[in-house]
Amino acid sequence: MNIHEYQAKEIFAEYGVPTPKGKIANSVEEAVENAKELGGPVWVVKAQIHAGGRGLGGGVKLAKSLDEVEKYAQEILGMTLVTHQTGPEGKLVQKVYIEDGADIKDELYLSVVLDRAQEMPIIMASTEGGMDIETVAEKTPEKIIKVTIDPSIGFQGFHGRELVFGLGITDKNEQRKMIDFASKLYKLYMDKDAEMIEINPLVKTGSGDFIALDGKMGFDDSALGRHPELEAMRDISEEDPDEREAAQYGLSYIALDGEIGCMVNGAGLAMGTMDTINYMGGTPANFLDVGGSANAQTVAKGFEIILKNPNVKAIFVNIFGGIVRCDRIANGILEATKLVDVHVPVVVRLDGTNAPEAAEILKNANIANVIPATDLADGAAKAVAAAKGEL
Amino acid sequence: MSILVNKDTKVIVQGFTGKEGTFHAEQCIDYGTNIVGGVTPNKGGETHLGKPVFNTVKDAVDATGATVSMVFVPPAFVADAVMEAADAGIELAVIITEGAPVKDMMFAKQYATKHNMKTIGPNCPGIITAQECKIGIMPGMIFKKGNVGLISKSGTLTYEGANQVVKEGFGISTAVGIGGDPIIGLSYKQILPMFEADPETEAIVMIGEIGGDLEIQAAKLIKEQITKPVVAFIAGQTAPKGKRMGHAGAIISGSAGTAKEKMEALEAAGVKVVVSPAEIGKAVAEVLAKK
């Protein structure tokens with residue numbers, strides 16, 4: 001789960017990680033009110049959406065008067081912001097964050113993420129703040145400092161020294177401040193089961209202080225159960241409504257831009273099914289994992305969600321029945337076709353336990369829309385043909 | 001021969017009396033797995049599925065001599081259970097549970113390693129040595145005995161792959177589902193050399209997916225150490241960037257962890273890479289015919 005910048009900054013404040021003063025606003029009036037309270041003389045008006053690149057898309061503006069705050073808040077609130085991370089459809093801005101302008105001397109980059117190869121958190125830092133870190137990593141990898149923290153010992157002094165010397169910070173006072181900053185960020189990362197914390201830019205002010213000018217944070221979904229305070233920060237308007245609805249029924253759904261709806265058990269086979277459709281010259285309309293215990297209700301829900309997508313021309317149900325027997329799934333599919341109006345051809349491949357019985361059930365049901373398939377290759381080929389109207 | 005487990009392996013079940021634990025332990029017993037007991041705190045002394053229940057893993061190990069534990073406890077208790085197993089001298093913990101917090105696994109795996117305990121999973125179907133020992137949730141009847149070793153991050157792709165291998169007239173020596181989480185126990189890098197050393201295994205199928213770089217590490221190792229033919233499929237060639245594809249670890253972060261880079265690395269290491277899982281069986285038949 002990701003959170004907004006203003007929420008990340010609330011958590012920073014809780015951990016003593018310095019940030020500019022700021023207040024969140026839901027309306028233009030509130031934005032101006034906040035600006036008055038903060039005092040100025042300059043403010044930054046920032047769109048709050050879960051995506052990077054907001055500045056380039058026109059979602060971050062520097063205001064030099066209360067009138068400008070009003071003007072920019074007006075512009076930004078309600079706009080559909082398109083950035084390289086939102087996709088072409090963009091995201092509706094419903095909140096703006098009003099923040100004190102900072103006295104920026106240098107822009108740095110700092111993040112804490114899990115290094116999957118080492119299975120430990122790493123702190124990544126760079127003097128090239130304000131830039132896309134992937135670009136920095138590609139063009140000037142020597143400008144990225146990586147410090148691995150073994151969680152069994154936690155953040156030690158030597159980690160801090162590696163970091164500040166790597167960043168070329170020579171002033172002892174500044175060294176101390178940066179080490180303090182990074183150690184607090186590491187503590188936050190561990191305490192909150194964060195998946196990623198990124199500050200870009202982290203600025204050094206004219207007076208040699210380090211402050212988090214931006215803040216991006218994501219958390220381990222599996223750990224949210226023990227963090228009700230984080231769960232309370234969830235903004236459902238940032239989530240895809242279909243993905244969310246699917247999740248409520250234990251289905252894992254992701255919309256794609258193709259024509260063949262997929263309903264599969266297991267994440268790996270679901271991806272493999274998409275890949276096979278693509279290989280056979282079709283295009284997958286979605287990823288959908290119905291989970292290990294597919295039944296009539298989950299299958300019906302799956303059909304319903306897949307069919308919301310107007311691009312879907314055919315559906316490929318690809319189930320490898322293991323513990324769940326195929327004959328039960330076949331009956332589930334028949335029942336589901338009664339619950340939901342399935343108006344496109346449905347290719348069904350059921351393999352594994354009791355597959356012959358399942359095939360018999362589907363054959364005897366004799367539903368015009370249901371096309372049985374013998375294996376994965378056969379099913380994918382039939383689904384591709386059906387989507388082209390050739391079946 | 002086989003790897004890691006066989007018909008003599010003594011297995012206990014942590015979370016034995018729970019719904020999932022009970023259902024799958026029974027299936028394992030039916031398959032022939034030598035399940036010698038289970039652990040559920042406060043139920044020590046009872047009998048479940050005809051096997052003794054113990055309060056602690058230590059008690060279970062002392063009484064039964066078990067060396068492997070199959071873990072079915074709820075996600076929040078996985079790390080505790082795994083560390084308890086390591087502390088009690090268990091040699092291999094097979095963690096089936098899905099949804100354990102990543103931070104917990106980070107600590108649990110470190111502790112397990114310190115105690116020389118191997119782990120498989122979490123979020124995996126388990127391990128099966130065909131027609132001898134099933135420790136997990138896979139449908140046993142698919143796995144006919146044979147000369148193909150299988151390693152996979154995905155449960156249903158393991159079944160798909162094994163089924164195709166069997167349909168082509170071959171069989172499985174051992175199949176290991178290593179799990180799709182960001183931090184997992186045994187991976188390709190550790191298991192490939194085991195298959196290389198196993199006289200029964202003549203070819204290896206490895207099934208990977210997007211996210212992380214375990215498959216890239218595997219490619220390096222294959223190039224240097226593996227002489228047996230390897231067939232690979234990487235799921236998620238058509239997956240969008242930045243989206244978690246069902247498994248917690250199946251995500252392309254930025255431009256890293258794509259199927260393409262993994263497929264290229266494996267191909268460069270001499271692996272027969274198939275673009276669709278539907279081709280796994282045929283590819284195995286092909287590489288075995290060449291031998």
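**Note on the two-chain model**

1. A:G281, which comes just after helix 9 of chain A, takes a positive phi of about 95°. The value comes from a predicted model, as does everything below.

2. Helix 9 itself covers residues 267-279 of chain A.

3. Is helix 9 of chain A mostly covered or mostly uncovered? Mostly covered: eleven of its 13 residues are buried. Among the buried residues are A:A267, A:G268, A:L269, A:A270 and A:M271. The list goes on through A:G272, A:T273, A:M274, A:D275 and A:T276 to A:I277.

4. Chain A as a whole has 391 residues, of which 47% count as buried. Its secondary structure comes to 13 helices and 19 strands. Taken along the principal axes, the C-alpha atoms fill a box of roughly 80 × 50 × 40 Å. Of the contacts in chain A with a separation of 6 or more, 68% join residues 24 or more positions apart.

5. Chain A is divided into three parts: domain 1 (1-20 + 103-238), domain 2 (21-101) and domain 3 (241-387). Domain 1 is written as two segments, with domain 2 falling between them in the numbering. The centres of domain 2 and domain 3 of chain A, taken over C-alpha atoms, are separated by 44 Å.

6. Chain B holds an open sheet of seven strands in the order 3-4-2-1-5-6-7, with mixed pairing. Which strands stand at the edges? They are strand 3 (47-48) and strand 7 (118-120) of chain B; each has a single partner strand, so one side of each is left without a neighbour in the sheet.

7. Within that sheet, strand 2 (residues 35-39) and strand 4 (residues 51-54) of chain B pair in the parallel sense over two bridges. B:G38 stands opposite B:V53, a residue of strand 4 of chain B.

Terms used: Residues are numbered from 1 along each chain as its sequence is written. Chains are lettered from A and ligands numbered from 1 in the order in which they are written. This is a predicted model: local features need pLDDT of at least 70, side-chain atom pairs count only at pLDDT 80 or more; totals for chains, interfaces and linings use all residues. Helices (H or I, at least four residues) and strands (E, at least two) are DSSP runs, numbered from the N terminus. A residue is buried if 20 or more other C-beta atoms lie within 10 Å of its own, exposed if 12 or fewer, and partly exposed in between; C-beta atoms are placed from the backbone. Two residues are in contact if their C-beta atoms, placed from the backbone, lie within 7 Å. Domain bounds come from an automatic or database domain assignment. Two strands pair if DSSP finds at least two bridges between them. The expected span of a helix is 1.5 Å times one less than its number of residues.
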